[in-house]
Amino acid sequence: MRWNVAAAGLMGLFAQSATAIQMDIDNDQSVKDAAATIAYGMMSYYTGNQTGDTPGNLPDPYYWWEAGAMFGALVDYWWITGDTSYVEVTTQAIVHQASDTRDFMPANQSRTSSNDDVGFWTLTAMTAAEDTFPDPPKDQPQWLALVQAVFNQMASRWDDVNCGGGLRWAINDFQTGKDYKNSISNGLFFNLGARLSRFTGNSSYGDWATRTWEWERSINLITDEYDVKDGAHFDVTTHVCRNDSGPHVWSYNVGVFLQGAAFMYNVTTGEEQNTWKTRVDGLLGAIETKFLTNDTKIIKEWYCESGFEDRGHPYQCNIDQQTFKGYLLRWLSSTSQVAPYTYERIRPWIRSTAVAAAASCTGPVGAAAPQVDSGGIQPGFRGIDGTACGFKWTQPFDGWSGVGAQMNALSAVMYTLTHRGLGKAVKGPATEKNGGTSKGDPGAGVTDPASRGGLAALKPITTADRVGAGIVTAILAISIVGGSVFLTI
């Protein structure tokens with residue numbers, strides 16, 4: 001299968017300057033044209049639809065989970081802009097990676113994937129259900145049922161023995177991360193529980209979300225200041241928990257809890273809703289303190305952009321970490337819909353970031369960023385010459401192009417349209433009773449009640465398994481419903 005840019009998209013793409021993206025932030029068509037150009041550049045990296053490649057996979061050095069996140073951006077791109085250019089290729093990718101087991105555990109990933117890897121693909125399916133993205137044929141995996149399958153499996157991995165609860169990073173007992181409870185794995189579980197509660201009306205999902213939040217607070221992974229720490233190691237023999245992730249906080253950790261908290265605010269009432277409002281406000285305050293420039297209020301990944309000159313790089317973050325601020329933008333936009341009182345606070349952050357991000361998209365064909373952790377080079381940009389986007393948005397194009405830079409800029413630009421009456425986004429995320437079409441299966445997912453402390457007891461991974469996987473799980477440098485009111489402007 002080949003993806004094609006629709007005729008309307010082509011007109012917008014090639015009307016752009018050959019040297020830069022020209023965008024008028026107050027003109028809907030101009031913003032849509034800019035988003036189309038950036039999306040085209042992002043998809044120029046994709047090879048999963050080529051003969052001999054695997055649908056849903058990005059080429060090396062990009063990891064499997066990032067491909068899942070990329071297709072989540074494309075689901076929202078369709079929802080916001082109405083551009084159908086990537087609907088077919090997105091559906092193909094998600095369905096293929098859902099696998100025959102219908103739980104995002106494909107054979108070439110199942111022994112190397114961790115809870116966060118699977119969780120990002122599952123968020124994409126959740127977004128597809130909420131956005132009423134076209135449903136697959138009836139004999140194929142359905143968006144909602146996929147989410148419920150993975151959620152059930154995650155719940156079966158909850159581990160009370162070590163650190164008093166939570167999910168481990170690892171799924172299998174031979175993986176790196178079997179002694180680590182990380183906030184992103186637990187944040188994804190929390191996020192899915194909150195969103196399933198709203199979509200299905202089943203409060204038991206929300207109960208799991210509440211349990212996860214309270215556990216994160218109990219070991220100070222969510223601090224009194226609403227910083228979200230990366231995670232905690234524990235001793236596999238004594239089960240003693242060490243909150244030892246250091247001073248570094250990442251935007252995607254606070255973002256994934258923000259969106260989930262906003263959904264919990266949306267589905268609760270009275271004092272419970274007030275509690276979630278306090279949490280939403282606290283997380284927004286943490287974002288403003290850590291992840292916005294002081295004067296211009298442009299989103300940044302503060303640790304990444306602080307410099308790494310002793311190794312010859314202007315930044316110190318790897319290929320994964322360079323994508324995080326794009327997810328924060330995604331979750332800020334969603335928060336402004338399901339907790340509409342936050343809109344006036346969030347709107348200027350996204351607008352100023354969008355202008356800055358678009359201004360960074362002036363790079364040439366072939367532009368390629370270094371890989372900080374390996375010393376290699378990312379694949380060269382193959383979109384429209386003069387439109388490669390950079391990573392840092394407080395300066396012109398910085399040379400750090402790649403899937404992450406394109407995805408970040410796409411998020412910054414397209415989420416300015418969320419409240420502007422375009423596409424399906426104006427109605428907000430659907431529910432089963434309010435516009436949703438995706439079919440669910442509450443009992444989906446193969447669980448293992450006898451799993452040992454939240455780990456699947458599988459045979460050790462073999463060389464053949466590693467070769468088959470193709471892409472291994474990235475190791476972060478850590479250680480170191482109710483209806484809702486939707487605004488239109």
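The model is predicted, and local features need pLDDT of at least 70, side-chain atom pairs count only at pLDDT 80 or more, and totals for chains, interfaces and linings use all residues. Residues are numbered from 1 along each chain as its sequence is written, and side-chain values use heavy atoms, with hydrogens and water left out.

**Stop 1: the largest cavity.** Select Asp76, Thr127, Arg195, Gln259 and Ser334, which are the closest to the centre of the largest cavity among its 20 lining residues. A cavity here is a set of points, on a 1 Å grid over the protein atoms alone, where a 1.4 Å probe fits but cannot get out; lining residues have an atom within 4 Å of a point. The volume is about 200 Å³, taken as the space filled by probe spheres set on the points, with grid points joined across faces, edges and corners.

Now colour H3 (64-81), H5 (115-130), H9 (251-267) and H11 (324-338): each of these helices supplies at least two lining residues. Helices are DSSP runs (H or I, at least four residues), numbered from the N terminus. The lining has eight nonpolar, seven polar and five charged residues. In this count Ala, Val, Leu, Ile, Met, Phe, Trp, Tyr, Cys and Pro are nonpolar, Asp, Glu, Lys and Arg are charged, and the others, Gly among them, are polar.

**Stop 2: the second largest cavity.** Its volume is about 120 Å³. Of its 13 lining residues, select Tyr343, Arg347, Tyr415, Thr416 and His419, the closest to the centre. Helix H12 (343-359) and H11 each give two or more residues to this lining, and H12 gives the most, with five.

**Stop 3: helix H5.** Thr132, which follows H5, has a positive phi near 50 degrees.

**Stop 4: the largest nonpolar core.** Such a core is a set of buried Ala, Val, Leu, Ile, Met, Phe, Trp, Tyr and Cys residues joined through side-chain atoms within 4.5 Å. Among its 138 residues, Met70, Phe104, Phe120, Leu283, Ile287, Tyr327 and Leu332 touch the most other members. H3 gives the most to this core, with 13 residues. Centre on Ile287: leaving aside neighbours within four places in sequence, Ile287 is in contact (heavy atoms within 4.5 Å) with Val254, Leu258, Leu292, Leu328, Leu332 and Trp349.

**Stop 5: Gln29.** Gln29 lies in helix H2 (residues 28-43). Gln29 counts as partly exposed because its relative accessibility is 44%. Thr81 is 52 residues from Gln29 in sequence, and 9.5 Å away in space, C-alpha to C-alpha.

Note on methods: On a 1 Å grid over the protein atoms alone, a cavity is a set of points where a 1.4 Å probe fits but cannot get out, and a pocket is an open set with protein on both sides within 12 Å along at least five of seven lines; lining residues have an atom within 4 Å of a point. Buried means under 20% relative accessible area, exposed over 50%, partly exposed in between (1.4 Å probe, protein chains only).
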